[in-house]
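I would like to walk you through one model, starting from a single position and its contacts.

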Amino acid sequence: MENRIKEIMSIVFETDLSMIDDSASPETIENWDSLKHMNLIAVLEEEFKITFSDDEILDMLNYGFICKIVKEKLI
């Protein structure tokens, strides 16, 4: 799951996979803007067949939190 999230983030943010680590965030990834953030949310929801709340979407601002929230949804 974590590797798939990295792959999705790499594609959505048009960045090298090596740039996606636990601290990956809008501050470390130049292409991470609000529109691409919403694209990421849509792709994650489709890929994992889950739905995020507004609060979760606002919290999903780094790779670590994204993995944590997705993992919680899949349990």
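Leaving aside neighbours within four places in sequence, Thr 15 is in contact, meaning heavy atoms within 4.5 Å, with Ser 10, Ile 20 and Ile 29. This is a predicted model, in which local features need pLDDT of at least 70 and side-chain atom pairs count only at pLDDT 80 or more, while totals for chains, interfaces and linings use all residues. Residues are numbered from 1 along each chain as its sequence is written, and side-chain values use heavy atoms, with hydrogens and water left out.

Thr 15 sits in the loop between helix H1 (2-12) and helix H2 (34-48), helices being DSSP runs of H or I with at least four residues, numbered from the N terminus. Its relative accessible area is 18%, so Thr 15 counts as buried (under 20% relative accessible area, with a 1.4 Å probe and protein chains only).

Staying with the loop between H1 and H2, Phe 13 and Trp 32 both lie there, so their pairing ties together parts that are 19 residues apart in sequence. Their ring centres are 4.5 Å apart and their planes at 20 degrees, so the pair is stacked (centres within 6.5 Å, planes under 30 degrees apart, using the six-membered ring of Trp). Phe 13 is buried at 0% relative accessible area, and Trp 32 is buried too, at 5%.

Turning finally to helix H4, the buried residues there are Tyr 63, Ile 66, Cys 67, Ile 69 and Val 70, and what covers them includes H1, H2 and helix H3 (54-59).

Definitions and conventions. Helices (H or I, at least four residues) and strands (E, at least two) are DSSP runs, numbered from the N terminus. Buried means under 20% relative accessible area, exposed over 50%, partly exposed in between (1.4 Å probe, protein chains only). Rings of Phe, Tyr and Trp (its six-membered ring) pair if their centres lie within 6.5 Å; planes under 30 degrees apart count as stacked, over 60 as edge-to-face and the rest as tilted.
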